[in-house]
Structures are given as C-alpha cells and as structure tokens.
Amino acid sequence: MLESSPPRSLYRETAGGAGNYPVLVGPQRARVAIVGGGFTGLSTAFHLAEAGDDVCVLEAHQPGWGASGRNGGQGWNGRVAITNTISRIFTSRKTAS
C-alpha cells in the first residue's frame, strides 16, 4: 500500500518547500521517460535535459519520496554538524508535540 503523506526525514525537513508538480493528464510524448524521481532518476533527467533532450519524469508521489528522501548518507562529510542538526530537529519536534 502506498503511503498518503510524505515520510519524515532530514532531507524533507531541510530541503525547503515541496514544490508544485503537475499531475500527468492525458497522453504525453517525450523522447525519454524516466520512472522514479529519486537520486538516479532526477540526475539522469537533469543531465539529459541539460544536453537538450526531451525528458519526462514519472513519479508516483513527489521527488525524493522513497529511499532517496529517507537516506541520510548525503550528509556524512560533516558528520558532527549533521548529527547535531538531526538531533536538534527531531528533539525540538518531539518536545513541541
């Protein structure tokens, strides 16, 4: 069963607004269709579009919804700073509830 609300993660807490992503309506045409708006799908779409290709990304929810948005590995270069940020975000949210 698909989740109906975004997963809670450091990425979602610090990335800014969710953005406005149009819903696919009716037939669409693109030279390249990419299924999945995670790290790999979005990177591929970005690089193809940058090179002038006609690209469409298909995502069931929002970019970063699945494993890419739940992954904490993107911040390990500054492990102490990231650990402190994670602690502050999740502690303040927990005590505010």
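**Exercise 1.** Is Thr 85 buried, partly exposed or exposed?

*Solution.* Before we start, a word on the model: it is predicted, so local features need pLDDT of at least 70 and side-chain atom pairs count only at pLDDT 80 or more, while totals for chains, interfaces and linings use all residues. Residues are numbered from 1 along each chain as its sequence is written, and side-chain values use heavy atoms, with hydrogens and water left out.

Step 1: get the cut-offs. Buried means under 20% relative accessible area, exposed means over 50%, and partly exposed is in between (1.4 Å probe, protein chains only).

Step 2: apply them. Thr 85 has 23% relative accessibility, so Thr 85 is partly exposed.

Step 3: Thr 85 sits in helix H4. Helices here are DSSP runs of H or I with at least four residues, strands are runs of E with at least two, and both are numbered from the N terminus.

**Exercise 2.** Describe how the helices and strands are arranged.

Step 1: pair the strands. S1 (residues 32–35) and S2 (residues 55–58) run parallel and are joined by four bridges; DSSP has to find at least two bridges for two strands to pair. For Val 32, the bridge partner in S2 is Val 55.

Step 2: S1, helix H2 (residues 39–50) and S2 form a right-handed β-α-β unit. Right-handed means that, with the strands pointing away from the viewer, the path from the first strand over the helix to the second runs clockwise.

Step 3: size up H2. Its 12 residues reach 16 Å from first C-alpha to last, close to the 16 Å expected at 1.5 Å a residue. That expected span is 1.5 Å times one less than the number of residues. Just after H2, Gly 52 has a positive phi of about 95 degrees.

**Exercise 3.** Which side chains meet Arg 31 in a salt bridge?

*Solution.* Step 1: use the rule, a side-chain nitrogen of Lys or Arg within 4 Å of a carboxyl oxygen of Asp or Glu. The count is one salt bridge.

Step 1: name the pair. The side chain of Asp 53 meets that of Arg 31, at 2.6 Å from N to O. Asp 53 is in the loop between H2 and S2 and Arg 31 in the loop between H1 and S1, so the pair ties together parts 22 residues apart in sequence.

Step 2: Asp 53 is partly exposed at 21% relative accessibility, whereas Arg 31 is exposed at 61%.

**Exercise 4.** What share of the 97 residues is buried?

*Solution.* The buried share is 15%. As for the surface, the protein exposes about 7400 Å², with carbon and sulfur atoms supplying 56% of it; this area comes from the Shrake-Rupley method with a 1.4 Å probe, and for residues only the protein chains shown count as cover.
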